[in-house]
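Me: Hi! Could you take a look at this one with me? I have a few quick things to ask.

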Amino acid sequence: MANFSYEIVKHIGVISEGTGGWTKELNLISWNGKDPKYDIRDWAPDKEKMGKGVTLTAEDAKSLLELLQGLDL
């Protein structure tokens, strides 16, 4: 597995909580010292383990917001 670093720059919120205390979260994360991006993924309670996720630029996040606002939820 490749080495990488991350810093949770801003915790925005918890989307849901699963078994064992894992949470699906929206955070602003800097990966490998690069500019922070919006990130949606599952996290273990101690934030030492994570699941696969989706990383979005600000532009991507704006587009996603527009798509979600158009849904009839």
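Reply: Happy to! Before we start, a residue is called buried here when its relative accessible area is under 20%. By that cut-off, Asp39 and Arg41 are both buried. Keep in mind that this is a predicted model.

Me: What do the side chains of Asp39 and Arg41 form?
Reply: They meet in a salt bridge, 2.7 Å from N to O.

Me: How many salt bridges does the count come to?
Reply: Three. Another one joins the side chains of Asp42 and Lys24, at 3.1 Å from N to O. That pair links distant parts of the chain, with Asp42 in strand β3 and Lys24 in strand β2, 18 residues apart.

Me: And which residue forms a salt bridge with Lys47?
Reply: Glu25, with the closest N and O atoms 2.7 Å apart. Lys47 sits in the loop between β3 and β4 and Glu25 in strand β2, so this pair ties together parts 22 residues apart in sequence.

Me: Is Glu25 buried or exposed?
Reply: Glu25 counts as buried because its relative accessibility is 2%. Lys47, at 26%, counts as partly exposed.

Me: What does the side chain of Thr23 make a polar contact with?
Reply: The side chain of Glu25, at 2.6 Å. Thr23 is also in strand β2, and beyond its neighbours within four places in sequence its contacts include Arg41, Asp42 and Lys47.

Me: Switching topic: which element gives the most to the lining of the largest pocket?
Reply: That's α1, with four residues. The pocket has a volume of about 150 Å³, and its lining divides into eight nonpolar residues, no polar and no charged.

Technical notes
Residues numbered from 1 in each chain as written. Predicted model: local features only at pLDDT ≥ 70, side-chain atom pairs only at ≥ 80, totals over all residues. Heavy atoms only, no water. Helix = DSSP H or I, 4+ residues; strand = E, 2+ residues; numbered from the N terminus. Polar contact = N/O pair within 3.5 Å; in protein donor to acceptor, adjacent residues only side chain to side chain. Contact = heavy atoms within 4.5 Å. 1 Å grid on protein atoms, 1.4 Å probe; cavity = no way out; pocket = protein on both sides within 12 Å on 5 of 7 lines; lining within 4 Å. Points joined across faces, edges and corners; volume = space filled by probe spheres on them. Nonpolar A, V, L, I, M, F, W, Y, C, P; charged D, E, K, R; others polar. Salt bridge = Lys/Arg side-chain N within 4 Å of Asp/Glu carboxyl O. Buried < 20%, exposed > 50% of the residue type's maximum accessible area, 1.4 Å probe, protein only.
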